[in-house]
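Dear colleague,

Please find below the structure that I am handing over to you. My notes on what was found in it follow directly after.

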Amino acid sequence: MSIFPMSIPFLSGPGSIATVMLLMGKYQDNIVMQTGLIGVVALVMVCALTMFMLSGLVAKRLSPTVATVISRLLGMILAALAIQFIIDGIKQAFF
């Protein structure tokens, strides 16, 4: 059984932080674009919060069998992502 808050690193991980920093630097002279970027980040945060708040309701309505299947499927996806990240790291290190 794998338990991992998969969405947290995707929301606030190094990739998303670097993207926001690069875009803010690219539009440092354009306050409208910077405001739009902050608005988009806020919208993503509100959407994530909404999904997190609704997850309890969805979990209550699922049968235990379906919840187990979904949990194991997400665990497999997480394992595949981890293996792919390892393979990509090895490729970059040696090739």
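This is a predicted model: local features need pLDDT of at least 70, side-chain atom pairs count only at pLDDT 80 or more; totals for chains, interfaces and linings use all residues.

Residues are numbered from 1 along each chain as its sequence is written, and side-chain values use heavy atoms, with hydrogens and water left out.

The chain holds 4 helices and 0 strands, so defined as DSSP runs numbered from the N terminus (H or I of at least four residues for helices, E of at least two for strands). The order of elements from the N terminus is α-α-α-α.

Helix H3 covers residues 31-61, and its 31 residues should span 45 Å at 1.5 Å a residue, which agrees with the 45 Å between its end C-alpha atoms (the expected span is 1.5 Å times one less than the number of residues). At its N-terminal end H3 is capped by Asn30, with a side-chain oxygen 3.2 Å from the backbone nitrogen of Val32. Polar contacts are pairs of N or O atoms within 3.5 Å; within protein, one must be able to donate a hydrogen and the other to accept it, and residues adjacent in sequence count only if both atoms are side-chain atoms.

The buried residues of H3 are Gln34, Leu37 and Ala48. Gln34 counts as buried because its relative accessibility is 16%, and its C-alpha atom is separated by 8.0 Å from that of Leu23, 11 residues apart along the chain. Thr50, also in H3, counts as partly exposed at 36% relative accessibility. The side chain of Thr50 reaches the backbone oxygen of Val46 at 2.8 Å.

Finally, the second largest pocket is lined by 16 residues, with Leu11, Ser16, Val41, Val44 and Met45 nearest its centre (a pocket is an open set of points on a 1 Å grid over the protein atoms alone, with protein on both sides within 12 Å along at least five of seven lines; lining residues have an atom within 4 Å of a point). H3 supplies the largest share of this lining, 8 residues.

With kind regards

Methods. Buried means under 20% relative accessible area, exposed over 50%, partly exposed in between (1.4 Å probe, protein chains only). On a 1 Å grid over the protein atoms alone, a cavity is a set of points where a 1.4 Å probe fits but cannot get out, and a pocket is an open set with protein on both sides within 12 Å along at least five of seven lines; lining residues have an atom within 4 Å of a point.
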